[in-house]
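Here are some notes to read alongside the structure. Take the points one by one, and keep the 3D view open as you go.

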Amino acid sequence: MRAVIRVAIAACVLLVIYALQCGVQAGFTEYVQRIILLAGINVILAVGLNLINGTTGQFSIGHAGFMAVGAYGAAFVGVQLAKPVHGALGSGPLAEAIVFNGALLAGALFAGISGLIVGMPSLRLRGDYLAVVTLGFGEIIRILFNNATFLGSATGYFGDDPSGLPAYTNFFWVFAWVTVIVILIHNLTFSQTGRSLTAIREDEIAAEAMATPTTRLKVTAFAISAATAGIAGGLFAHMQAGVRPEDFRFEKSIDMVVMIIVGGLGSISGAILGGIFVAVSLELMRDLQQYRLVLYALLLIVIMIVRPEGLLGTRELHHLLRRKKAPKPAAPTESS
Amino acid sequence: MSLLELRSVDKIFGGLHAVRGVSFQVEKGAIFGLIGPNGAGKTTLFNVITGVYTPEHGQISFAGKNIAGLKPALIAERGVARTFQNIRIFRTMTVAENVMVAGHHLHKASIAEAMLRTRAYDRDEQALAKRAHELLEVLGLAELAGEVSGSLPYGSQRRLEIARALMLSPELLLLDEPAAGMNSQEARTLNEQIRFLRDQLGLTVILVEHNMAVVMNVCETIHVVDHGETIAQGTPSEIKTHPKVLAAYLGEEEPGIEAQP
């Protein structure tokens with residue numbers, strides 16, 4: 001019964017996303033559509049990074065590295081998959097969907113495995129030290145791709161076709177993946193595992209004294225977070241016909257950190273808002289050319305002064321709405 | 001056979017010999033007091049027993065097995081639960097969530113099942129919430145289950161730590177100054193609750209406490225340490241008049257004064 005209801009809901013959601021896609025494609029210019037796709041990819045990045053930086057409290061500033069692994073992995077596997085799948089199923093939308101999603105999952109797997117490899121030794125470190133290790137990892141990955149001749153070195157990887165990677169990424173797939181990832185991460189955050197991760201953030205010594213397998217949970221969360229960055233990377237790769245090492249510079253990692261800090265560390269809805277905020281604000285300021293980075297930094301400083309806890313703090317949007325609808329009978333005033 | 005046995009345990013921090021050759025046995029079902037002046041090494045002993053520190057020398061056996069040097073999470077899993085002197089609750093989480101964190105062993109569902117919210121996951125989650133609620137009732141915190149734990153008064157936070165420790169279904173409970181910051185009414189309730197834990201839940205309790213009204217009332221055996229070394233062990237009435245204990249607490253002179261700082 002539960003499975004049937006879920007499949008029905010999933011079908012409805014996909015239909016809605018498809019309808020929205022038709023609307024977006026009819027109503028907006030290519031340029032605006034691209035910003036919408038970028039916003040969706042940012043949401044995936046932010047929600048994934050929030051799991052480790054916000055919920056678990058382990059600071060990673062190298063997630064562009066995992067995004068790069070996912071992007072290259074998905075691009076490469078996509079090219080390898082295309083021939084046999086198209087040979088067997090022709091070139092219809094079904095074959096494309098299989099190739100694309102297979103490629104995305106492969107990218108997520110690669111990114112997840114690199115998350116495990118980086119996480120296992122480094123999650124014994126805390127705070128600043130972990131940040132330095134992840135920062136170093138991000139740069140190492142970029143430099144590796146910069147020198148990997150079979151992946152196009154510094155020019156980037158564009159597949160075998162002269163016109164570049166197929167542009168599989170569209171509104172439908174981006175937001176289908178946004179929906180899936182937000183639901184999965186939400187369920188994880190509000191589960192026994194999520195409680196344990198929050199406990200690690202709040203007080204690791206106490207969490208350990210309560211028999212929480214802290215290292216194993218931290219590494220698992222890190223790998224899941226890396227895998228979601230991998231999905232975002234795969235979507236990104238198939239949005240712009242190819243992947244270049246310079247797409248995944250240190251600034252990209254910082255952008256992701258900005259998304260979750262602006263939205264409110266530890267809040268999934270905050271991460272969603274933050275992801276959209278970064279995509280839109282960077283684009284709105286594009287006319288200012290080099291001054292936009294100055295303005296962007298100023299904007300961040302203002303947000304940090306006005307709302308240091310981020311737009312939502314650690315709260316979730318639906319919790320706030322629920323509280324407004326049904327105020328607790330004996331609850332004391334908010335200020336207490 | 002005793003439940004917990006320490007044999008000549010040493011813990012050294014650089015030049016500081018924090019615990020020196022301490023040995024004691026705690027029988028199953030006992031309420032065992034561990035007292036001593038500030039800095040005597042009581043909390044260090046707790047940290048050594050629970051695996052936060054590894055002792056330099058000596059053996060610690062719990063239920064017949066050596067636990068010295070094991071990781072804290074493993075020792076907790078074997079049935080040694082504790083509370084902390086400087087309250088370590090998970091402050092942003094609700095009271096119920098705090099307790100549920102310690103229910104790891106009751107939640108068999110995997111991470112994938114949690115992400116997909118399967119039936120097995122829901123079942124475990126409900127069982128865990130029910131157990132947490134029972135324990136909150138034991139400690140009189142049931143009404144506060146939905147409150148953010150960091151906003152609770154001090155005494156409630158201490159009781160929340162006990163509830164959380166009980167969630168591990170331990171055999172041995174180490175309470176590090178549970179009465180600190182409690183008023184005398186709360187301390188009296190605490191006495192009853194500690195006895196309840198032993199009599200109804202079959203726990204063995206080791207208590208570090210400065211509040212002598214609590215220690216002398218509830219403990220059957222008291223072990224006194226000073227400067228990391230054992231100076232006495234005995235029943236409350238023996239300890240009250242023990243010359244070395246009086247000396248440690250009050251200084252060498254003026255014999256005959258009761259040890260009630």
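1. Let us begin with a term. A nonpolar core is a set of buried Ala, Val, Leu, Ile, Met, Phe, Trp, Tyr and Cys residues joined through C-beta atoms within 7 Å. Please also keep in mind that what you see is a predicted model.

2. With that term in hand, which residues touch the most other members of the largest nonpolar core? They are A:Ile44, A:Leu45, A:Ala46, B:Ala163, B:Val205 and B:Leu207, in a core of 171 residues. The element that gives the most to this core is α9(A), with 14 residues. Domain 1 (1-79 + 170-261) and domain 2 (89-167) of chain B each supply at least three residues to this core.

3. A:Ala46 deserves a click of its own. Leaving aside residues up to four places away in sequence, A:Ala46 touches A:Met256, A:Met259, A:Ile260, A:Gly263, A:Ala271, A:Ile272, A:Gly274 and A:Gly275.

4. Next, look at where the two chains meet. Here 25 residues of chain A are in contact with 29 residues of chain B. On the side of chain A that touches chain B, α6 (171-189), α7 (192-202), α8 and α9 of chain A each supply at least two residues. The most comes from α7(A), which gives seven residues. Sorted by class, this side of chain A has 10 nonpolar, 10 polar and five charged residues.

5. Now for chain B by itself. Its secondary structure comes to 10 helices and 10 strands. Its C-alpha atoms fill a box of roughly 70 × 40 × 35 Å, taken along the principal axes. The radius of gyration of chain B is 19 Å, which agrees with a compact globule, because a globule with 261 residues would have a value near 18 Å. Of the 261 residues of chain B, 46% count as buried. Among the contacts in chain B with a separation of 6 or more, 64% join residues 24 or more positions apart.

6. Chain B is divided into domain 1 (1-79 + 170-261) and domain 2 (89-167). How far apart do the C-alpha centres of domain 1 of chain B and domain 2 of chain B lie? They lie 27 Å apart. Nine residues of domain 1 of chain B are in contact with seven residues of domain 2 of chain B. On the domain 1 side of this contact, β7 (172-176) and α7 (184-201) of chain B are the elements that give two or more residues. The residues of that side divide into five nonpolar, two polar and two charged.

7. A:Ala211 is not a glycine, yet has a positive phi of about 65°. A:Ala211 is found in the loop between α8 (204-209) and α9 (214-237) of chain A. Is A:Ala211 buried or exposed? A:Ala211 counts as buried, because 27 C-beta neighbours lie inside 10 Å and the cut-off for buried is 20 or more. B:Ala63 also has a positive phi, near 50°, and is found in the loop between β4 (57-62) and β5 (65-66) of chain B. With 16 C-beta neighbours inside 10 Å, B:Ala63 counts as partly exposed.

8. Finally, a word on confidence. Chain A has a mean pLDDT of 87, with 95% of its residues reaching 70 or more. Where pLDDT is low, the predicted coordinates should not be read in detail.

Methods: Residues are numbered from 1 along each chain as its sequence is written. Chains are lettered from A and ligands numbered from 1 in the order in which they are written. This is a predicted model: local features need pLDDT of at least 70, side-chain atom pairs count only at pLDDT 80 or more; totals for chains, interfaces and linings use all residues. Helices (H or I, at least four residues) and strands (E, at least two) are DSSP runs, numbered from the N terminus. A residue is buried if 20 or more other C-beta atoms lie within 10 Å of its own, exposed if 12 or fewer, and partly exposed in between; C-beta atoms are placed from the backbone. Two residues are in contact if their C-beta atoms, placed from the backbone, lie within 7 Å. Ala, Val, Leu, Ile, Met, Phe, Trp, Tyr, Cys and Pro count as nonpolar, Asp, Glu, Lys and Arg as charged, and the others, Gly among them, as polar. Domain bounds come from an automatic or database domain assignment. pLDDT is the predictor's confidence in each residue, from 0 to 100. The radius of gyration is taken over C-alpha atoms; the globule rule is 2.2 Å times the number of residues to the power 0.38.
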